[in-house]
Amino acid sequence: MKSALCTLLGIYMLVLLMRAVMSWFPIRPGTPFATIYRVLLDVTEPVLTPLRRVIPPAGMFDLSFLVLFIGIEIVRTAVLRCPGALF
């Protein structure tokens, strides 16, 4: 159970990272990248939206993403004691 949860949280962190990197580049609608980005948004927005209500943006930076990423890593290392580093 713990191993599966560690793996799922690691995968979710990877999805968050992929979303962040893809947001830096223009993505044309109708391309495979647009489809991938849409899936990443669908997976991450339900968690990020409530955080955005509590954590205001700092200029053009979305701090909710950073808070979620660090929060997941804290859960992985301190609570679950998952082996290894990120992912």
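## R81 and the end of the chain

R81 is exposed, because its relative accessible area of 60% lies above the 50% from which a residue is counted as exposed. In this predicted model, the residue sits in the segment after helix 3, where its backbone takes a positive phi of about 55°, a value found here in a residue other than glycine.

## The disulfide

Under the distance criterion applied to cysteine sulfur atoms, the count comes to one disulfide, and it joins C6 to C82 with an S to S distance of 1.9 Å. The torsion about the S-S bond is -85°, which makes the link of C6 and C82 left-handed. The pair ties together distant parts of the chain, since C6 belongs to helix 1 whereas C82 lies in the segment after helix 3, 76 residues apart. Whereas R81 is exposed, both C6 and C82 are buried.

## Helix 3

The buried residues of helix 3 are S64, F65, L68, F69, I72, E73 and R76. Because they cover an arc of only 170° around the axis, they are placed on the same side of helix 3. What covers these buried residues includes helix 1 and helix 2, the latter running over 32-54.

## Nonpolar cores

The largest nonpolar core has 13 residues, and those with the most contacts inside it are L16, F65, L68 and I72. Helix 1 (2-23) and helix 3 (63-79) each supply at least two residues of this core, with helix 1 giving the most, namely six residues. Once its neighbours within four places in sequence are set aside, L68 is in contact with Y12, L16, V47, L48 and L51.

Apart from this core lies another, made of five residues, among them V15, Y37, L40 and L41.

P57 has its place in the loop between helix 2 and helix 3, and with a relative accessible area of 59% it is exposed. Between P57 and M22 there are 35 residues of separation in sequence and 19 Å in space, taken from C-alpha to C-alpha.

## Overall architecture

The secondary structure of the protein comes to three helices and zero strands, so that, in the order of DSSP runs numbered from the N terminus, the elements read α-α-α. Along its principal axes the C-alpha trace spans about 40 × 30 × 20 Å. Of the 87 residues in the protein, 29% are buried. Among contacts with a separation of 6 or more, 55% are accounted for by residues 24 or more positions apart.

## Confidence

The mean pLDDT of the protein is 92, and 97% of its residues reach 70 or more. Confidence is lowest in helix 3, at a mean of 93, and highest in helix 2, at 96. Where pLDDT is low, the predicted coordinates should not be read in detail.

Key:
Residues are numbered from 1 along each chain as its sequence is written. This is a predicted model: local features need pLDDT of at least 70, side-chain atom pairs count only at pLDDT 80 or more; totals for chains, interfaces and linings use all residues. Side-chain values use heavy atoms; hydrogens and water are left out. A nonpolar core is a set of buried Ala, Val, Leu, Ile, Met, Phe, Trp, Tyr and Cys residues joined through side-chain atoms within 4.5 Å. Buried means under 20% relative accessible area, exposed over 50%, partly exposed in between (1.4 Å probe, protein chains only). Helices (H or I, at least four residues) and strands (E, at least two) are DSSP runs, numbered from the N terminus. Contact means heavy atoms within 4.5 Å. The arc is that of the directions from the helix axis to the C-beta atoms. pLDDT is the predictor's confidence in each residue, from 0 to 100. A disulfide is a pair of cysteine sulfur atoms within 2.5 Å.
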